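Subject: Structure handover

Hello,

Here is the structure you asked for.

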Protein chains: 2
Amino acid sequence: MTADEKLSLLRQLMKRESIDAYIISKNDPHQSEYTPDYWNQVKYMSNFTGSAGLVVVTMDQAGLWTDGRYYIQAERELANSAFILHRSRDHGVRCFEEFTADETAEYGTIGFNGSALSMSQVKKIEKLIQLKHIALKTDMDLVGEMWDDRPALSKAPVFNHALRFCGVSRAEKLSALRKIMKKKLADFYMISSTDDIAWLFNLRGNDMPCKSFFESFAVIDYENAALFIDKDKTRDVRSELERDGITLMDIGDIYEYLEQYNNGRVVLLNPDKTCYSISRILNNREISECETDITTSMKAIKNSVELANLEKVNIRDGIAMIRFILWLKENAGKGIDEADAADKVTEFRKAGENFVEPSFTTISAYMANAAMMHYCAKRGACARIRPEGALLVDSGGNYYDGSTDITRTIILGRVSDKFKHDFTLVLKSHISMADAVFLYGATGTSLDMFARMPMWKECVDYKSGTGHGLGFFLNVHEGPQLLTMRPNAAVFEEGMIITNEPGVYREGEYGVRTENTMKVVKYQDNEFGEFMKFETFSYCPIDLQGVDAGMLTSYEKDWLNNYHKMVYEKLSLRLPAAERAWLAEATRSI
Amino acid sequence: MTADEKLSLLRQLMKRESIDAYIISKNDPHQSEYTPDYWNQVKYMSNFTGSAGLVVVTMDQAGLWTDGRYYIQAERELANSAFILHRSRDHGVRCFEEFTADETAEYGTIGFNGSALSMSQVKKIEKLIQLKHIALKTDMDLVGEMWDDRPALSKAPVFNHALRFCGVSRAEKLSALRKIMKKKLADFYMISSTDDIAWLFNLRGNDMPCKSFFESFAVIDYENAALFIDKDKTRDVRSELERDGITLMDIGDIYEYLEQYNNGRVVLLNPDKTCYSISRILNNREISECETDITTSMKAIKNSVELANLEKVNIRDGIAMIRFILWLKENAGKGIDEADAADKVTEFRKAGENFVEPSFTTISAYMANAAMMHYCAKRGACARIRPEGALLVDSGGNYYDGSTDITRTIILGRVSDKFKHDFTLVLKSHISMADAVFLYGATGTSLDMFARMPMWKECVDYKSGTGHGLGFFLNVHEGPQLLTMRPNAAVFEEGMIITNEPGVYREGEYGVRTENTMKVVKYQDNEFGEFMKFETFSYCPIDLQGVDAGMLTSYEKDWLNNYHKMVYEKLSLRLPAAERAWLAEATRSI
């Protein structure tokens, strides 16, 4: 069926159920950013494949909401269908909740599947319609009903994440968690966030490529820690978990378990992560809402074992990146394409110790394709790499001992002055961010400015945040910290890690992005307060062929030279002579 | 009675009423920032005179909450009393709601006067105590009961603010307001914010020095606009208001009016401005909450008449400032003190057209006193001004045709290298802010960084926001826009005005602040979005004797030279030869 045929079928089902507006989410019941295809009803309905998207269908409109990273991609994927793109972060664009409330007439009905929308989303809708006498039908899986060839859920087993990698035992994590729960006067804690659960229980799985978390819920009180998971996946870890006092339950039993739970009254939960169906069961309890899961805040601060592992992982990763860049510069123009380059960077990583898989789908984008921030090269239908212009490669590895995320825009020959200008502008933003000193208490809404200011001076901007937290062999996007100008209250704490990835994207021409990963460290304590800074720990040269040195201040030049000196010191002794010589040249002082 | 005697009396009354924690606010029933002494129970109880403060008394603790502007002052004013200062914006300090909830035992009682706390504050307390079975007594004016010599409320008449000053008639304002109310599906709008009411009805009053708004409520629906005010104040405007269809009601009748109101079900209100007592009456309606009053957002965007008036007012104000600086430099060391200087700057303003009164109490602070951001010199007990160091003067005028707010730190002789360094650092921050280019949609949480970044590089900070909105012959602090690193969602719109006032404050040594007022203007629209910038319209030289030119980039020097060139061009023709010659020297290129 085409998207429009599906739409017309859906509208028939909506008529049958007397539904005026139907909301379709790509989310699983955990509000995960990345979901198995089984849950991705947005992709099924609209062909949109981005990681953030939501569809609303009325009798005469069909809209897709997504954010700036996906505008160009969404326009392509929705072309030739009746779906209209709503740029969800642009000025004046109604969010899907407002749109749905506005477009449904008084005394109308809105339908959705309550396990695919969060408690917060439904609350927002309820608030917007409170004066319009609109009814909600919250258990309607109309798309599920239409979907004949729906993919199956994964049965991949979960495995133990060894203490030498993760640093803190599940018993210690549970004990620390319970202390915080107690302070918050909670009797029990309903966790829906799957990467939090993987972190808490020191488990990893393989439900999806590049994702090591697995579908699960957890209910924690002061006596029990119950893990809800497809039991077939637990054969390799069952005895160890039971030895540690964890109760294993089948994931389908969560609703019944909560209905019958009688070990406490006050339940702590995150309304953004808890699906509406679960929140409804808990409605007869006292719900204590946390804006961020406690486990998310705990997991964001990397422990000393994790930080030491990340240093080693990033040296390994840097060597793979250097070999890749060398290969790319030698082979550009010899018949390779974007997909070959994506495969190759993974191949070089594979040669390193403890490598599991890429930490996300590699973005390998040549020139105009790089203007799409989250472009994905399709084998057989992607661009040849010519010995001119530049290839943007955003990639990373999931290693047992940590994850990496790094972007280089690699120059392959002649580039225009405009390109060099933008490349250097991105570098100025990157340096400004990397070199930031900030007062403890600052949030990402403020700190994002460090990267954005140099660009705004020239009336240039990028439609994404400047950086995100990074999971430890977990989710590549991890909160609560985030570098974005949008309101976000998370404070940057010592031990958090964050990417630094400003970019310039010129549609139809090229994209430039330079990304390293940094950690938050203490800097200075004085009469004015406690000051913090970042330390970069991605090690790979920034292509000097793209740099217009005339645009850099002497301060910025010093930063670049010092960064390159560090890269050379960290990596050179681990490289054979030819590669070492190349690195010496690539990291020369300017 | 001393503060401690009052505390002990209050605790007797608390015992009589079985109250474990009693909350005392300095607020009137409108949650105004500045309140007549009649309402200022915090000042009465604790001797703290700052504009932001709240007291909580339990049987064994007495705490005052205030923000960074008042830390030093509060410590002095609370000395020799049992009151403990809670630095409300410091890391880890519990807010008063948390403190009160924590310090009250299960099954205890919290008391307060419901007309002095906002609906939001009480809601927050209710949420924090929901698991503790604590009772609230919400109609307890225990301090009022103790307060024998309580000052009277003002009877000063209100007057019409002429159209040539304010630009838009009350009929037009009401019509625009009702359009927005309709969009929000409100049946009526309960306005508690007094400066909003003065703006909406084009009235001004004189309840307090330096404040031209007056105690009032307004209830607006589609047929009526009811203004609640002490009727004795309205003799000069009654006929005009009635001609414009405004219903005049006595302020004491608001509670009864709302109880009997039967012209609508859905009431719009701002829970931060509406007092708890009023919200309780409205509880049987559907309350539609707005985070910012509609009138506040409307008033913040100055109309073209207001902007044209402000330009003229600031030229007039700049001439007064120049005459003041000349006088000060000539008279330092000749027996004058801080209070003399404060009087003098007002005297020079008075000579200008349309001047009414200062727009706030002048801060005239010599050296160490200037480290207190909101220092107030007391006649007979203030510092002599010597011909060395510097005087910080933060002052402004309320003119019929607009208000000004400007700070100069004026050098009077020898200053240390450290002082010059800090003076220049403040200038760098000021320039960075004044020269900001930003994407439409940015909030003050992000924009504040422009000023803070140069300081943070040196691990220096100031415990205040960088700037605030400014009323038009109204409240000197006006929202919703605010330059602060704390979360604040207001977007900077074209036509808003904002101060730019970074500073460095070294306790016991000196304080430096340089403040101008700016307006938001459109800058450039391109593929990346809509860019905005600021335009400074305060005209007064920045003291070059404080500037270490070696610390400035050539870009910063250009800004300073261009600013001074503009000041000279705007003012010189209006000055006699001697003053003009001085101005030419004071605005010379460096």
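This is a predicted model: local features need pLDDT of at least 70, side-chain atom pairs count only at pLDDT 80 or more; totals for chains, interfaces and linings use all residues.

Residues are numbered from 1 along each chain as its sequence is written, and chains are lettered from A and ligands numbered from 1 in the order in which they are written.

Helix packing in chain A

Helix 14 (residues 304–331) and helix 15 (residues 338–350) of chain A have axes 8 Å apart, at an angle of about 140°. Axes are lines fitted to C-alpha atoms, for helices over the stretch in contact, and angles run from 0 to 180 degrees between N-to-C directions. Helix 14 and helix 15 of chain A are therefore oblique to each other (angles under 35 degrees count as roughly parallel, over 145 as roughly antiparallel, 65 to 115 as roughly perpendicular and the rest as oblique). Among the residues that make this contact are A:Phe324 and A:Trp327 of helix 14 of chain A, and A:Val345 and A:Phe348 of helix 15 of chain A. Two residues are in contact if their C-beta atoms, placed from the backbone, lie within 7 Å. By class, the contact of helix 14 with helix 15 of chain A has seven nonpolar, no polar and four charged residues. Here Ala, Val, Leu, Ile, Met, Phe, Trp, Tyr, Cys and Pro count as nonpolar, Asp, Glu, Lys and Arg as charged, and the others, Gly among them, as polar.

Helix 14 of chain A also packs with helix 18 (residues 554–571) of chain A, at about 100° and with axes 10 Å apart. On helix 14 of chain A, A:Ile315, A:Gly318, A:Ile319 and A:Ile322 meet A:Val567, A:Lys570 and A:Leu571 of helix 18 of chain A. Five nonpolar residues, one polar and one charged make up that contact of helix 14 with helix 18 of chain A.

Helix 4 (residues 96–103) and helix 5 (residues 119–128) of chain A cross at roughly 35°, and their axes come within 9 Å.

Buried and partly exposed residues

In helix 4 (residues 96–103) of chain B, the buried residues include B:Phe96, B:Phe99 and B:Ala101. A residue is buried if 20 or more other C-beta atoms lie within 10 Å of its own, exposed if 12 or fewer, and partly exposed in between, with C-beta atoms placed from the backbone. The cover over the buried residues of helix 4 of chain B includes strand 1 (21–25) and helix 5 (119–129) of chain B.

A:Ser154 lies in the loop between helix 6 (142–146) and strand 7 (159–160) of chain A. A:Ser154 is partly exposed, with 17 other C-beta atoms within 10 Å. A:Ser154 and A:Tyr38 are 116 residues apart in sequence and 9.1 Å apart in space, C-alpha to C-alpha.

Where the chains meet

Chain A gives 31 residues to the contact and chain B gives 31 residues. On the side of chain A that touches chain B, helix 17 of chain A gives the most, with seven residues.

Regards

Notes: Helices (H or I, at least four residues) and strands (E, at least two) are DSSP runs, numbered from the N terminus.
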